[in-house]
Amino acid sequence: MIWVGMIATGILNFLSKFLSLNYLDASKMNPVVRQILAYVPSAIFPAIIFPAIFLDETGTFDLENNPKIYASIVAVIIGILSKNIIATIISGLAAYWLIIFV
């Protein structure tokens, strides 16, 4: 019974993504809807990133003794100056590891 549920869920998941990717044409959308959908990535990305930076393992807001905040500040500065995503990621990771291990 579990396999039937897993297969049915997989088929429904595949069909929902396949149909939406193949039959939704952005050029036929209402311009207002397209403009609203253009803000979705910039609205979702901070919701994913900010809790990982500002919350500690227990889920409380930790502004002091949080190396992720300092590393993210370094990454933002490097990102603004270089406008390069690879340099931003590497500088953020290097700053985070430097703060942790030093």
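Residues are classed here as nonpolar (Ala, Val, Leu, Ile, Met, Phe, Trp, Tyr, Cys and Pro), charged (Asp, Glu, Lys and Arg) or polar (the others, Gly among them). The model is a predicted one, in which local features need pLDDT of at least 70 and side-chain atom pairs count only at pLDDT 80 or more, whereas totals for chains, interfaces and linings use all residues. Residues are numbered from 1 along each chain as its sequence is written, and side-chain values use heavy atoms, with hydrogens and water left out.

The lining of the largest pocket comprises 15 nonpolar, 2 polar and 1 charged residues. At least two lining residues come from each of α3 (40–54), α4 and α5, helices being DSSP runs of H or I with at least four residues, numbered from the N terminus.

The axes of α4 (residues 67–82) and α5 (residues 85–101) come within 8 Å and cross at roughly 150°, where axes are lines fitted to C-alpha atoms over the stretch in contact and angles run from 0 to 180 degrees between N-to-C directions. The two helices are therefore roughly antiparallel, a term applied to angles over 145 degrees. Their contact (heavy atoms within 4.5 Å) involves residues including Y70, V74 and I78 of α4 and S91, A95 and I99 of α5. By class, this contact has 11 nonpolar, 5 polar and 1 charged residues.

For α3 and α4, the axes come within 7 Å and cross at roughly 130°, which makes α3 oblique to α4. In this pair, A52, I53 and F54 of α3 meet K68, I69 and S72 of α4, and the contact divides into 4 nonpolar, 1 polar and 1 charged residues.

How values were computed:
Angles under 35 degrees count as roughly parallel, over 145 as roughly antiparallel, 65 to 115 as roughly perpendicular and the rest as oblique.
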